[in-house]
Structures are given as C-alpha cells and as structure tokens.
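Welcome to my notebook page. I am going through this structure a piece at a time, and here is what I looked up.

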Amino acid sequence: MVVLAKPAALEQISLVRSPSVEDNFGAGLPVVDLAADGASPFGYGSKRIGRNGDMGWLEYLLLAIDGASLSRSSPAPSSSLRDAANEYVGAMRGMARTVLEMVAEGLGVAPRGALADMVVGDGAASDQILRLNHYPPCPPLLQNLMPNCSPTGFGEHTDPQLISILHSNSTSGLQVALHHDADAGDHQWVTVPPDPASFLVIVGDSLQVMTNGRMRSVRHRVVANKLKSRVSMIYFGGPPLEQRIAPLRQLLVAGVGDGEEEEQSRYEEFTWGEYKKAAYLSRLGDNRLAPFHRQPPPVANPLA
Ligand SMILES: O=C(O)CCC(=O)C(=O)O
Ligand SMILES: [Fe+2]
C-alpha cells in the first residue's frame, strides 16, 4: 500500500473538493437485489456486502465504468453526481496509468505500459468499478440497539483487481494488516491515518500474481467510527474478463543465465473472469488466492 500526495490538478475535481456525497446515498437509486441470482450488483446497497451473508455498517453506491466514464446503464442518483463521477473516473484512470507504469518500470518490465494497458489501455474492455462508501457513526451506546450497528464497517478482505485507489474524508476507520499470514490468522491491525489530501494505492490479488508475489495484496478492513461519518471513494482497476492472470514472463526469466532454470510461477493460471466468479462465490474474508497457490515442488529424498 502506498500513499500518494494529491496532485494539485486533482484539487479542482468536485468529488475530491467536497466529498460530502452522503446526500446522494439512497436518493432515487435502484436498490441492489443481492438475493436475486444473476441480478446486477450495481446501484445502492446498505449493510449487505456481496451475496454470501457478509454485513457491514455502511451504505454504498456501486457504479459500473465502461471505458473512460460511468457505464450508461449504471445507475447514478443525479446527473450532477454522474458528471462529478465521470470527472473523477478520468482522474483515477490517469493515476492508475502512472502508478502501474511506475510498477512495471521498477520491476524492469518493458514496455512500461505492460500492466497499465490492461486496465486503462485505449479500447481495452477492462473491468473498472467506482465505489462510494458511507459509514454512519456507530456510537457504543447504540451498538446493541440498532440492527447491524457494529464496529465492523467493512470486514477484512483483499481487493481482487490489480489496483485500487482510495480517497476518503478525514474520518478514520481504515486499517491494514501487517505481517499477514492468512493461514495463521495472526493479523496485527494498523490504522491508516485519514488524509483527504492523499490517495491510497492498494495492491490487489491480480497484481500479486502478475508480479509472482513480489508485490503483495494487502488485507484491510474498516472499523466504524464512534462519532463521525466516514466517506470513501474507491476506484478499482481490473483487466478485461478474458485476461490471463499469470506472472509477467519477463519477471520469470530476468537474470536467468544459460542452462539455469527460470523462476517458477507460484500460482495456477486463471483468467480475470474466472477469478471474479470465484470471488463472488466466496465470503469477504476468505483467502481467495489460496486455491490458486501452487504446491512447492517436492523436496528430493536424499536417501532414494
Ligand atoms: O471504505 C474504505 O475505506 C475501504 C473500503 C474497501 O476496502 C472496499 O470497498 O474494498
Ligand atoms: Fe477493499
């Protein structure tokens, strides 16, 4: 996870300047019917996260992006929010390109656009989402009185895409797990200081695989604030559904001399579409990459 200072140009963007999107929640939007099989996940949702019983103390708008702007079929509460979201999406696409190009460059992968083009390439039918979350305060006194008012704003999880870019108001709540060992379950949670002057870049599961584990997707969660509302906006950058998710070839062969073995992939191959489908069927906190981890090769028996 990396924190980026807000580039001056972004200060003019209306959603960034006044993230008081609370007013827009709920009004006039179709409510996501998570119970219906095959129903669109886009629209307004409250408390239920995903289809498999996860609950959080929040309401949200999940908006589909098609190319460089909100998908025409994606509901938006008002035309002004649609315009503001489109402006925001344009800025996030630019930031996603910059960050993914820097990642490729830092790893010695050419061309620089190898990762960025999957998400924001011209004409790429990539899978992008904009999510606006609103966490009302949850005072301890109410915790047992109001249904679902609980310290869990958004349960722990990793983001499945390549990259997520998060912006929030000045209310704390986001925490990340340090030294995460999914199997041991021994997380040490650290609060991310809220800073409306920054963007937070979160590495997703797909980027972990594409870098063969050099970058790790970070487990994170939101704890509801006792006194203040938290508003966050997250741009999720995923590749086209048919994109093969596997370590970049150049990383596996980098530095391998004649006769030397190249680095092995740590993961079974899958497409983004397959991973997304598996993610929809899982619980929020599941280690979704676990089924795709390759077993380490058996150690040769010296006595054989
Ligand atoms: O609202 C936040 O601060 C984080 C939410 C989150 O992790 C997500 O929507 O994937
Ligand atoms: Fe997340």
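Is strand 12 (residues 230-238) largely enclosed by the rest of the structure or exposed, and why? Before answering, I note the ground rules. This is a predicted model, where local features need pLDDT of at least 70 and side-chain atom pairs count only at pLDDT 80 or more, while totals for chains, interfaces and linings use all residues. Residues are numbered from 1 along each chain as its sequence is written, chains are lettered from A and ligands numbered from 1 in the order in which they are written, and side-chain values use heavy atoms, with hydrogens and water left out.

**Entry: strand 12**

I found that nine of the nine residues of strand 12 are buried, so the strand is largely enclosed by the rest of the structure. Buried means under 20% relative accessible area, exposed over 50% and partly exposed in between, with a 1.4 Å probe and protein chains only. Strands (E, at least two residues) and helices (H or I, at least four) are DSSP runs, numbered from the N terminus.

I then checked which way the residues point. Arg-230, Ser-232, Ile-234, Phe-236 and Gly-238 point one way, Val-231, Met-233, Tyr-235 and Gly-237 point the other way, and all are buried.

**Entry: its partners**

Which strands pair with strand 12? I found strand 5 (residues 127-135), antiparallel over nine bridges, and strand 7 (residues 163-168), antiparallel over six bridges. Two strands pair if DSSP finds at least two bridges between them. Gln-128 has Gly-237 of strand 12 as its bridge partner, and Ile-165 has Tyr-235 of strand 12.

**Entry: aromatic rings**

Next I looked up ring pairs: rings of Phe, Tyr and Trp (its six-membered ring) pair if their centres lie within 6.5 Å, with planes under 30 degrees apart counted as stacked, over 60 as edge-to-face and the rest as tilted. The count comes to four aromatic pairs. Phe-270 and Phe-292 have ring centres 4.4 Å apart and planes at 45°, so this pair is tilted. Phe-270 lies in strand 14 (residues 270-271) and Phe-292 in the segment after helix 6 (272-281), so the pair ties together parts that are 22 residues apart in sequence.

Tyr-275 and Phe-292 have ring centres 5.6 Å apart and planes at 65°, so I logged the pair as edge-to-face. Here Tyr-275 belongs to helix 6, and the two residues are 17 residues apart. Tyr-275 is buried at a relative accessible area of 1%, and Phe-292 is buried at 17%.
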